[in-house]
Amino acid sequence: MEQRGVDVVVVGAGPTGLLLASELALGGVRVVVLERRSEPDSVLKAGGIGAVASEALERRGLGPALNAEETAAFEVMKAMARSLGTQDSPQAGGARRGGGHFAGLSLIDQTLQREPGRRSRAVPQAALERILGEHVRALGVEVWRGHTVESFEDTGERVSVEARGPGGPRSLEAAFLVGCDGGRSTVRKQAGFDFPGTAPTLTGHQALVEIDHPERLLPLGWRRTGGGMMSYGPIPGRVAVLEFDGPPADREAPVTATEVEQSLRRVSGADVRITALHSATRFSDHARQASSYQRGRVLLAGDAAHVHSPFGGQGLNLGLLDAVNLGWKLAATVQGRAPDSLLATYTSERHPVAARVLDNTRAQLALMRPDPQTTAMRQIVAELLTTYADVNRHFGEMISGVTTRYDLGDDDPLVGHFIADAELTVDGEGTRLYSLMRDGRGLLVDGDGAASEQGAAWTSRLRVVNAPGARSMLVRPDGCIAWAGREGGLRPALERWFPAP
């Protein structure tokens with residue numbers, strides 16, 4: 001049996017696991033990723049990345065790759081719309097203008113948002129996994145595909161992990177184990193995390209299919225019918241169908257073309273036939289969350305820590321931001337540069353964010369059911385969204401996450417928020433703030449010449465830049481503003497977030 005010693009074992013090579021592994025590698029940590037699938041998952045999943053998660057990837061230099069994938073995705077959407085004669089539809093590649101939807105109401109106006117440039121990206125999950133796969137390879141991270149975790153033991157000092165792969169059993173010793181292995185997480189179950197929440201009430205399908213008469217499913221986008229909710233597009237053959245008749249009888253059974261076709265016909269009322277099934281998933285609306293994301297030396301991130309219905313497209317956003325919050329803190333802990341209290345802030349900061357998402361997805365389901373009472377409430381919500389700009393902004397910010405704020409004990413309105421990109425003048429030349437954070441370190445922006453001296457002792461942990469005219473700020477590696485120019489507050493913030501310089 002092969003035995004290896006590493007710093008962290010990450011279970012799951014989806015977007016959350018891959019991004020976490022890359023953040024750990026940037027922090028100087030030896031990490032191995034275990035993934036049960038032999039190849040990347042090709043099943044159709046999320047169709048886009050939320051605003052703040054997109055920004056997290058831009059801070060690591062992945063913006064150009066995201067731009068290329070989004071441009072390609074928009075071309076596919078526009079071509080589909082042209083083929084169906086629906087070029088004027090807001091779903092015809094209109095994600096640059098649209099701000100997303102709430103309960104299938106595609107009324108969030110990006111132009112009404114306080115920061116309209118902070119937007120989601122129409123990058124499919126499969127494309128994102130390719131980008132992150134290349135990113136971790138460039139950082140030298142090992143991803144062991146075809147490996148399942150059979151057991152593990154937290155001794156209090158280390159975690160022993162037993163896995164099995166194509167070559168037989170393998171044993172790993174690590175300082176920490178992180179489960180990024182999805183809603184049915186083996187790590188969560190074996191470690192004994194609780195997972196309270198609400199039971200499922202519906203059966204949903206998302207599939208990539210070929211249809212004999214796709215024009216019968218128009219218009220593009222979400223719509224509510226007497227049988228449930230459905231969406232067609234924005235890419236060829238993509239259908240999503242919801243029926244509010246209870247949870248799936250068997251979540252584990254393979255999804256068949258007949259099953260998807262029958263659900264689609266019931267909900268749409270259209271006489272269509274599925275002639276080929278390329279990809280399909282079955283889902284429901286159970287909403288659960290671990291009470292804590294850490295038990296000893298075992299942690300959870302992404303869907304392993306919280307699950308909810310996919311409405312509003314927030315799940316991928318949550319998982320990626322878990323990864324960037326946890327990565328630098330865990331790296332500092334592994335290397336003995338931080339007390340236990342730093343790692344404890346992972347749960348205290350991220351748990352309330354996910355709890356709010358679980359609640360808003362429950363609220364969305366309450367506006368989607370096919371009954372007269374829901375119809376009345378849905379009409380009122382639509383009126384509020386289209387009549388009041390403040391209401392539209394509130395819903396837009398809730399779905400995008402741009403107003404997420406961690407409670408860092410500072411009442412400055414900037415502290416605790418994720419920083420937006422900005423143009424800075426550094427050493428007489430213009431540069432983008434995000435371009436200064438690609439190495440995964442924190443950033444101290446000195447705008448008035450007073451902060452650099454205090455930050456000098458932290459240059460191994462921070463990049464310190466003189467940017468005349470900018471507001472002085474301390475930005476953590478995850479993009480969270482930890483201090484914002486208040487006199488006397490910089491050194492306590494440095495000692496709290498970057499201990500042991």
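## Contact between helix 1 and helix 4

In this predicted model, Pro15, Leu18, Leu19 and Ser22 of helix 1 meet Gln125, Leu128, Glu129, Leu132, Gly133, His135 and Val136 of helix 4; contact means heavy atoms within 4.5 Å. By class, this contact holds 6 nonpolar, 4 polar and 1 charged residues (Ala, Val, Leu, Ile, Met, Phe, Trp, Tyr, Cys and Pro count as nonpolar, Asp, Glu, Lys and Arg as charged, and the others, Gly among them, as polar).

Axes are lines fitted to C-alpha atoms, for helices over the stretch in contact, and angles run from 0 to 180 degrees between N-to-C directions. Helices (H or I, at least four residues) and strands (E, at least two) are DSSP runs, numbered from the N terminus.

## Sheet 9-15-18

An open antiparallel sheet is formed by 3 strands in the order 9-15-18; two strands pair if DSSP finds at least two bridges between them. Strand 9 (197-198) and strand 18 (306-307) are at the edges with a single partner strand each, so one side of each has no neighbour in the sheet. Strand 15 (residues 287-289) is joined to strand 18 by 2 bridges, and Arg288 has Val307 in strand 18 as its bridge partner.

Helix 8 (residues 340-366) packs on this sheet and touches strand 9, strand 15 and strand 18. The direction of helix 8 makes about 170 degrees with that of strand 15.

## Basis of the values

Residues are numbered from 1 along each chain as its sequence is written, and side-chain values use heavy atoms, leaving out hydrogens and water. Local features need pLDDT of at least 70 and side-chain atom pairs count only at pLDDT 80 or more, while totals for chains, interfaces and linings use all residues.
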